[in-house]
Amino acid sequence: MLIIYFVLSAITGFAGYKAKSLTAGGAITAAIVGSAIAYGFGWKGLLLLGVFFVSSSLWSKYKVKQKEAVEQIVEKGAARDHYQVLANGGAAAFAGIWMGLYPNYWLAVFFLAALATSNADTWASELGVLSKRLPLHILKLKLVPAGTSGAVSVLGLLSSLMGALLIGSLGAVLFEKSLLLLVSVTFGGFLGCLVDTFLGGLIQEEFRCQVCGIKTERHVHCGMKTVKIKGLSGLNNDVVNFLSSITGGIAGGVWFL
């Protein structure tokens with residue numbers, strides 16, 4: 001059965017590559033992540049991963065023209081590479097492997113909440129930047145350009161909540177028809193997304209272009225190497241996403257300890 005799941009994951013990864021939602025490395029990593037999740041959670045886990053991937057890919061291509069300015073700030077484009085796939089699905093994949101080896105209900109909740117965090121963060125990022133109002137930096141308490149790490153908007157927060165609720169609702173239907181499960185997974189996903197924003201504003205590395213002066217996550221801008229002005233070296237958006245998904249998973253699973 002695991003071979004079938006791997007083939008399905010590989011087909012999905014290839015489809016993502018053809019749709020330019022994944023790079024070649026991202027497609028291969030997605031197949032591995034999908035297989036790891038299926039190992040522990042079977043078709044249910046694979047279905048939820050599919051919901052995350054499809055919805056995130058659709059939102060990333062929604063109103064692309066309006067997001068062009070944000071592309072100058074964020075480090076990577078719409079096509080996710082292997083680092084991004086691991087950042088968003090690594091914690092869920094780890095839970096899948098452990099679930100296959102040592103089955104227990106807490107791992108299932110952790111998996112759902114970790115995936116809910118990734119879904120919430122992606123929805124917030126892809127839809128929040130479309131807000132007609134500038135987002136507020138949660139630490140500096142001032143308005144900043146859309147796409148700036150550590151900033152939130154009302155649209156982004158609502159999108160985050162809806163993204164977490166989607167995984168929470170489906171998880172409750174597929175794993176256990178429980179209101180507590182729905183609430184805990186949604187809570188964990190939403191909280192994990194807020195942690196992502198906090199870490200992004202506090203310790204994620206940020207650079208300044210030496211040519212145009214824009215603040216960006218990119219190491220190279222306008223053809224020149226940028227200068228680091230904030231954050232810990234090497235702690236980029238992928239690392240922040242991975243840490244937040246673990247935090248969200250734990251926050252969702254704490255009610256079932």
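Analyst: Happy to. Met1, Ile3, Ile4, Phe6, Val7, Leu8 and Ile11 make a nonpolar surface patch of about 720 Å². To be in a patch, a residue needs over 30% relative accessible area and no salt bridge; nonpolar side chains (Val, Leu, Ile, Met, Phe, Trp, Tyr) are joined within 5 Å and like charges within 9 Å. A salt bridge here is a side-chain nitrogen of Lys or Arg within 4 Å of a carboxyl oxygen of Asp or Glu, and accessible areas come from the Shrake-Rupley method with a 1.4 Å probe, where for residues only the protein chains shown count as cover.

Please keep in mind that this is a predicted model, in which local features need pLDDT of at least 70 and side-chain atom pairs count only at pLDDT 80 or more, while totals for chains, interfaces and linings use all residues. Residues are numbered from 1 along each chain as its sequence is written, and side-chain values use heavy atoms, with hydrogens and water left out.

Ile3 counts as exposed, at 67% relative accessibility, where exposed means over 50%, buried under 20% and partly exposed in between. In the loop between helix 1 and helix 2 you will find Lys20, which is exposed too, with a relative accessible area of 64%. Its phi is near 65°, a positive value in a residue other than glycine.

Cys222 also has a positive phi without being a glycine, at about 55°. This residue belongs to the loop between strand 5 (220–221) and strand 6 (224–225) and is partly exposed, at 46% relative accessible area.

The surface has a charged patch as well: Lys140, Lys142, Arg208 and Lys215 gather there as a patch of positive charge. Lys and Arg count as positive and Asp and Glu as negative, with His and the chain ends not counted; each charge is placed at NZ of Lys, CZ of Arg, CG of Asp or CD of Glu. Lys140 belongs to the loop between strand 1 (136–137) and strand 2 (151–152) and is partly exposed, at 40%.

Now for the aromatic rings. The structure holds 10 aromatic pairs, where rings of Phe, Tyr and Trp (its six-membered ring) pair if their centres lie within 6.5 Å, and planes under 30 degrees apart count as stacked, over 60 as edge-to-face and the rest as tilted. Among them, Phe41 and Phe175 pair edge-to-face, 6.1 Å centre to centre with 70° between the planes. That pair links distant parts of the chain, 134 residues apart: Phe41 is in helix 2 (residues 24–60) and Phe175 in the loop between helix 6 (154–174) and helix 7 (179–202). Phe41 is buried at 7%, whereas Phe175 is partly exposed at 23%. Phe175 also pairs with Phe111: their ring centres are 6.5 Å apart and their planes at 55°, so this pair is tilted. Because Phe111 lies in helix 5 (residues 105–128) and Phe175 in that loop, the pair ties together parts 64 residues apart in sequence. Phe111 is buried, with a relative accessible area of 0%. Phe41, Phe111 and Phe175 form one aromatic cluster.

Finally, Phe198 is placed in helix 7 and is partly exposed at 37%. Phe198 and Val240 are 42 residues apart in sequence and 9.5 Å apart in space, C-alpha to C-alpha.

Notes:
Helices (H or I, at least four residues) and strands (E, at least two) are DSSP runs, numbered from the N terminus. Buried means under 20% relative accessible area, exposed over 50%, partly exposed in between (1.4 Å probe, protein chains only).
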